[in-house]
Amino acid sequence: SPHKPFMGEDMNRHRCRMVELAIADNPLFDISYREIESAGINYTYETLRQLNKEQPDTQFYFILGADSLFDFEDWREPGIISQECILLAAARDHCRLEEIQQQIRMLKEKYDADIRILNTPDMEIASADIRGRIAGGEDISQMLPAEVEAYIRSHHLYEKG
């Protein structure tokens, strides 16, 4: 993401590999390395446009955390993103559901967007928590698929330096 700190090429590849492992048993999911293999800054709207051009018969879904809906208008070309895919907002904090639904209504009206709530279990797990537990030598077996945990352990990711 252009607005987040760059974690390095190796970490980008590790993150993609972890996603591959997490989705391996679902044939409806696929991962693309196009953004980490291209030079420069990648914007979501450009990637989605290219994907739709290459695969015009495919309906693309873009999964984002529901909190990202509140800064979606700050993204590069939110109107184009809205037309290139269906947005699935993963709502982890069901206590804020009405606020999230209000934001969805506003974005739908403004951008003619198809935004749907992706119901996810109420889990108080964040990536920072997982990284912190690994650095502290704590158990993470209930927080991730076993294959992802094995990958993290075998590559010594997120351990104290």
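Guide: Let us begin with exposure: a residue is buried under 20% relative accessible area, exposed over 50%, and partly exposed in between, with a 1.4 Å probe and protein chains only. Glutamate 77, at 36% relative accessibility, therefore counts as partly exposed. This is a predicted model, in which local features need pLDDT of at least 70 and side-chain atom pairs count only at pLDDT 80 or more, whereas totals for chains, interfaces and linings use all residues. Residues are numbered from 1 along each chain as its sequence is written, and side-chain values use heavy atoms, with hydrogens and water left out.

Visitor: Where does glutamate 77 lie, and what is its phi?

Guide: Elements are DSSP runs numbered from the N terminus: helices are H or I of at least four residues, and strands are E of at least two. Glutamate 77 is placed in the loop between strand 1 (61–65) and helix 4 (78–84). Its phi is near 55°, a positive value in a residue other than glycine. Aspartate 112 likewise has a phi near 55°, and it lies in the loop between helix 5 and strand 3 (115–119). Aspartate 112 counts as exposed because its relative accessible area is 59%.

Visitor: How many helices and strands does the protein have, and in what order do the elements run?

Guide: There are 7 helices and 3 strands. From the N terminus on, the order is α-α-α-β-α-β-α-β-α-α. The C-alpha trace spans about 45 × 40 × 30 Å along its principal axes. Of the 161 residues, 33% count as buried.

Visitor: Is histidine 14 buried or exposed, and which residues does it touch?

Guide: Histidine 14 belongs to helix 1 (residues 9–23), and it counts as buried because its relative accessibility is 17%. A contact means heavy atoms within 4.5 Å. Leaving aside residues up to four places away in sequence, histidine 14 touches Tyr151, His155 and Leu157. For the protein as a whole, among contacts between residues at least 6 apart in sequence, 61% join residues at least 24 apart.

Visitor: Which residue forms a salt bridge with arginine 105?

Guide: The partner is glutamate 98, the closest N and O atoms being 3.0 Å apart. Arginine 105 lies in helix 5 (residues 97–111) and is partly exposed at 46% relative accessibility; glutamate 98 is partly exposed at 48%. Arginine 105 is also 47 residues from isoleucine 152 in sequence and 39 Å from it in space, C-alpha to C-alpha. A further salt bridge pairs arginine 133 with glutamate 138, at 4.0 Å from N to O.

Visitor: How many positive and negative side chains does the protein have?

Guide: Lys and Arg count as positive and Asp and Glu as negative, while His and the chain ends are not counted. The place of a charge is taken as NZ of Lys, CZ of Arg, CG of Asp or CD of Glu. The protein has 18 positive and 30 negative side chains, and the centres of the two sets lie 2 Å apart.

Visitor: Which residues form a nonpolar patch on the surface?

Guide: Patch residues have over 30% relative accessible area and no salt bridge; like charges are joined within 9 Å, and nonpolar side chains (Val, Leu, Ile, Met, Phe, Trp, Tyr) within 5 Å. Accessible areas come from the Shrake-Rupley method with a 1.4 Å probe, and for residues only the protein chains shown count as cover. Here Leu28, Phe29 and Ile63 form such a patch, with about 350 Å² of accessible area together. Phenylalanine 29 lies in the loop between helix 1 and helix 2 (34–37) and is partly exposed at 43% relative accessibility. The protein exposes about 10700 Å², of which carbon and sulfur atoms supply 49%.

Methods: Salt bridge = Lys/Arg side-chain N within 4 Å of Asp/Glu carboxyl O.
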